[in-house]
Amino acid sequence: MKVTIVGCSGSFPGPDSPASCYLLEAEGFRLLLDLGSGSLGALQRHIGLYDVDAICLSHLHADHCLDLCGYHVARTYGPAAPYPKIPVYAPADAPRRMAAAYGMPEEPGMETAFDFVRLAPGIFEVGPFTLAAGLVNHPVEAYGFRVMHGGTSVAYSGDTGESAELVKLAEGTDLLLCEASFLDKPDLPTDLHMSGRQAAEHAAKADVGRLVLTHLVPWNDQNRVLEDATRGGYGGPIELARSGAVYELG
Ligand SMILES: [Zn+2]
Ligand SMILES: [Zn+2]
């Protein structure tokens, strides 16, 4: 499995990265985890505009889903339209919310381009991948994912505060893409986001092969986020996510 970080900026795009988007490829199949603000542009540095086979949205905050609006235009009105519909796995309210974000009638909404599939906790197949989705701790319906293929695995936190479910999803994975939105300090808010230290504690509990800190908020000093992570008791490699970084697993 090949994992490409398309966007890793937290809450809004930064100067060097769009908001959340991760490209997972295996057997020629291309799956996106999130399609946040700005990510559709950077995605085209890695694959063709129409090469996406499926999309999974962790939750419906703008920095994780908003470029579905532009992608709907591309697939509905592009030069060879209509393009085949692709599945979009997303929280329950996605068809209505995305239609509202675009300013289009709810019927048919974006169903001309996408087949929305309602996410629920559990295991399901997407192309050659096996996915596990679990509810994480964020103010809206939000999922973390484990994606498996051919003996390799990656986990993605989405947005979450400390989460036992995330530890379960990440258990023994080769790579954990874990959000680290906060600079560490005492009494961080719960059920919202995590610091680098908390991300590393999750990586240690789940015994993952590598920790990549992501959802990096542009107003933070990222060196401090990385430094915070060294205090989380995790002994494996830790690095900051970077738009364009590629991880070949297996
Ligand atoms: Zn976010
Ligand atoms: Zn969020």
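**Group meeting: a walk through a two-zinc protein model**

Okay, let's start with one residue: Ile 55, which sits in strand β4. Before I go on, keep in mind that this is a predicted model. Is Ile 55 buried or exposed? Its relative accessibility is 0%, so Ile 55 counts as buried.

Now let's zoom out. The protein has 250 residues, and 56% of them are buried. If you follow the C-alpha trace along its principal axes, it spans about 50 × 35 × 30 Å. What about the radius of gyration? For 250 residues, a compact globule would come out near 18 Å, and this protein has 17 Å, so the two agree.

Which residues hold the zinc ion that is ligand 2? The protein donors are His 59 through NE2, His 61 through ND1, His 138 through NE2, and Asp 159 through OD. They lie 2.1 to 2.4 Å from the zinc ion. Along the sequence, the spacing of these donor residues reads H-x1-H-x76-H-x20-D.

And the geometry? For four tetrahedral donors, the ideal angle at a metal is 109.5 degrees. At the zinc ion (ligand 2), the angles among the 4 donor atoms go from 90 to 166°, and the site is irregular. To spell that out, a tetrahedral site needs all angles between 85 and 135 degrees, and here they reach 166°.

Asp 159 bridges it and ligand 2, and the two zinc ions lie 3.5 Å apart. Now take His 61 and Asp 159 as a pair: they link distant parts of the chain, 98 residues apart. His 61 is in the loop between β4 (54-56) and α2 (62-65), while Asp 159 is in the loop between β10 (152-156) and α5 (164-170). How accessible are they? Asp 159 has a relative accessible area of 2%, so it is buried. His 61 is at 28%, so it counts as partly exposed.

Next, the largest pocket. It contains about 240 Å³ of space. Lining it are 14 residues, and the closest to its centre are Cys 8, Asp 16, Ser 17, Leu 216 and Gln 222. By class, that lining comes to 6 nonpolar, 6 polar and 2 charged residues.

Let me finish with some backbone details. Where are the cis peptide bonds I want to show you? One joins Ala 81 and Pro 82, with omega about 5°. You'll find Pro 82 in the loop between α3 (68-77) and β5 (86-90). Another joins Glu 107 and Pro 108, with omega about 0°, and Pro 108 is in the loop between α4 (94-102) and β6 (114-118).

Then there's positive phi. Glu 27 is not a glycine, yet its phi is about 50°. It's in the loop between β2 (21-26) and β3 (29-33). Asp 34 has a positive phi too, near 70°, and is found in the loop between β3 and α1 (39-43). So which of them is buried, and which is exposed? Glu 27 has a relative accessible area of 68%, so it is exposed. Asp 34 has 0%, so it is buried.

Notes: Residues numbered from 1 in each chain as written. Chains lettered and ligands numbered in written order. Predicted model: local features only at pLDDT ≥ 70, side-chain atom pairs only at ≥ 80, totals over all residues. Heavy atoms only, no water. Donors = N, O, S within 2.8 Å, 3.2 Å for Na, K, Ca; no water. Tetrahedral: all angles 85-135°; square planar, octahedral: opposite > 155°, others 65-115°. Helix = DSSP H or I, 4+ residues; strand = E, 2+ residues; numbered from the N terminus. Buried < 20%, exposed > 50% of the residue type's maximum accessible area, 1.4 Å probe, protein only. 1 Å grid on protein atoms, 1.4 Å probe; cavity = no way out; pocket = protein on both sides within 12 Å on 5 of 7 lines; lining within 4 Å. Points joined across faces, edges and corners; volume = space filled by probe spheres on them. Nonpolar A, V, L, I, M, F, W, Y, C, P; charged D, E, K, R; others polar. Rg over C-alpha atoms; globule rule 2.2 N^0.38 Å.
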